[in-house]
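Please consider the model shown below.

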Amino acid sequence: RRWAAKTGARIVVLFEGGLLFGYLFLAIQSAREAARRSQCINNLKQIGLALHNFHDTFGRFPPAVVFGPDKKPWHSWRVLLLPYLEEKDLHKRYHFDEPGRA
């Protein structure tokens, strides 16, 4: 009887521990998902601001692609936004004279 009582108590403790772990895991997962969602929203806001700053500078939005001398698309609009996304150094190092990925 004592063995059965101790085993039953252990099962209850394990079950409660498992539930506690499960709830904790769900809470952490939910917090991570909220953080990811918040980061995505922030990234979209930064891109929107960069687009508008580009427009304020040039009076237009960036073209979808930048064509090279061979009349093929060499670069995408994303490269043109780099200076407006606090990436001026990367923009300076970018090789506009070479084909890239449009």
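**Surface, fold and a charged pair**

In this predicted model, 11% of the 102 residues of the protein chain count as buried. The accessible surface of the protein chain comes to about 8700 Å², and carbon and sulfur atoms contribute 62% of that area.

The secondary structure of the protein chain consists of three helices and two strands. Read from the N terminus, these elements follow the order α-β-β-α-α. One of the helices, H1, spans residues 2–58. As for contacts in the protein chain with a separation of 6 or more, 40% of them link residues 24 or more positions apart.

Side chains of opposite charge can pair when their charged atoms come close. Where does the model place such a pair? The criterion applied here is a side-chain nitrogen of Lys or Arg within 4 Å of a carboxyl oxygen of Asp or Glu, and the count by this rule is one salt bridge. The partners are Arg37 and Glu33, whose closest N and O atoms lie 3.1 Å apart; the pair therefore falls within the 4 Å limit. Both Arg37 and Glu33 belong to helix H1, where four residues, about one turn of the helix, separate them.

Notes. Residues numbered from 1 in each chain as written. Predicted model: local features only at pLDDT ≥ 70, side-chain atom pairs only at ≥ 80, totals over all residues. Heavy atoms only, no water. Buried < 20%, exposed > 50% of the residue type's maximum accessible area, 1.4 Å probe, protein only. Contact = heavy atoms within 4.5 Å. Areas by Shrake-Rupley, 256 points an atom, 1.4 Å probe, with all protein chains shown as cover.
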